[in-house]
Amino acid sequence: MPIVLQMNNVGRTFSTAAGELTILDNVNLQLSSGDAVALQGPSGCGKSTLLHIAGTLDKPTSGEVAILNENPWHLSAEKLAGFRNQHIGFVFQEHQLLPQCSVLENVLLPTLAGFDRDVKPLKKRAVELLEQVGLQDRSAHRPAALSGGERQRVAVCRALIHQPSLLLADEPTGNLDPATADTVGSLLLKMAAEHDAALLCVTHSNDLASHFPHVVQVENRTVAFSAVTN
Ligand SMILES: Nc1ncnc2c1ncn2[C@@H]1O[C@H](COP(=O)(O)OP(=O)(O)OP(=O)(O)O)[C@@H](O)[C@H]1O
């Protein structure tokens, strides 16, 4: 399976008024297509920071990151935006759907960034994704007409519209009741597997983590994980 995400000795230090703050140190993480990893650890240990680095939203202060064998930080800002748009999907705790757009339009939002030449097949794909999450009859509805779990299902479809190699989720079920969280969590894993994405998911929920084949802890500012060797 192709390696999707490779982090070698990654560190992240923030400069604060109180001095240098090292949040992550010597992180080694490798995910291939089809891998699914839940990332856990106490509040403030650096989970979201790690996810932001994996998503090229934040640059490490040391070490190397490669996504699909590409060092994203060697790309120009414009190329990096396109690379992220095409290869990485994000699901957040808040669904972040646009209230004025329909469900279908929300799924297609990443295609409006100007990196796609031909949006026609993407419209077909959006319809198919909504079918896969059981929301085919809701495509013309506004997000306000949907339940919290349904909105997160739309957010999963939006994250998958470009068939990303890497799917990153930050507390995707954090705002949902336990039964709905279970449905959305299972669906997230199923969709990632069916679309051959590597899934990295930050969660405080042990219930959600229990669905994952691999659960990794951020401990003492570090992570060491490779699905190949675990
Ligand atoms: N830009 C920044 N400047 C200074 N400190 C920062 C910055 N961003 C994050 N931090 C600090 O890094 C630490 C880790 O934050 P992060 O959000 O990654 O933790 P987390 O494990 O996701 O926490 P939680 O589970 O509570 O969401 C926190 O102490 C936070 O205050």
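## Before we start

Helices here are DSSP runs of H or I with at least four residues, strands are runs of E with at least two, and both are numbered from the N terminus. Please keep in mind that this is a predicted model.

## A leucine in a loop

With those names in hand, look between β5 (88–91) and α3 (103–107): the loop there holds Leu-98. Is Leu-98 buried or exposed? Leu-98 counts as exposed because it has 11 C-beta neighbours inside 10 Å, and 12 or fewer is the cut-off for that label.

Setting aside neighbours within four places in sequence, Leu-98 is in contact with Asn-106 and Leu-109. Pro-172 lies 74 residues from Leu-98 in sequence, and their C-alpha atoms are 17 Å apart in space.

## Around the ligand

Now turn to the ligand. The residues surrounding the ligand include Phe-14, Leu-21, Gly-44, Lys-47 and Thr-49. At least two residues of this shell come from each of β1 (3–16), β2 (19–32) and α1 (47–54), and α1 gives the most, with three. By class, the shell has four nonpolar, seven polar and one charged residues.

## Two helices side by side

Helix α5 (residues 148–160) and helix α6 (residues 178–194) have axes that come within 10 Å and cross at roughly 15°. That angle is under 35 degrees, so α5 is roughly parallel to α6. Their crossing is right-handed.

Where do the two helices meet? Among the residues in this contact are Gly-148, Val-156 and Leu-160 in α5, and Thr-180, Leu-187 and Met-191 in α6. By class, the contact has six nonpolar, five polar and one charged residues.

Note on methods:
Residues numbered from 1 in each chain as written. Predicted model: local features only at pLDDT ≥ 70, side-chain atom pairs only at ≥ 80, totals over all residues. Axes fitted to C-alpha atoms, helices over the stretch in contact; angles between N-to-C directions. Parallel < 35°, antiparallel > 145°, perpendicular 65-115°, else oblique. Left-handed = near helix turned anticlockwise from the far one by under 90°. Contact = placed C-beta atoms within 7 Å. Nonpolar A, V, L, I, M, F, W, Y, C, P; charged D, E, K, R; others polar. Near = placed C-beta within 6 Å. Buried ≥ 20, exposed ≤ 12 C-beta atoms within 10 Å, placed from the backbone.
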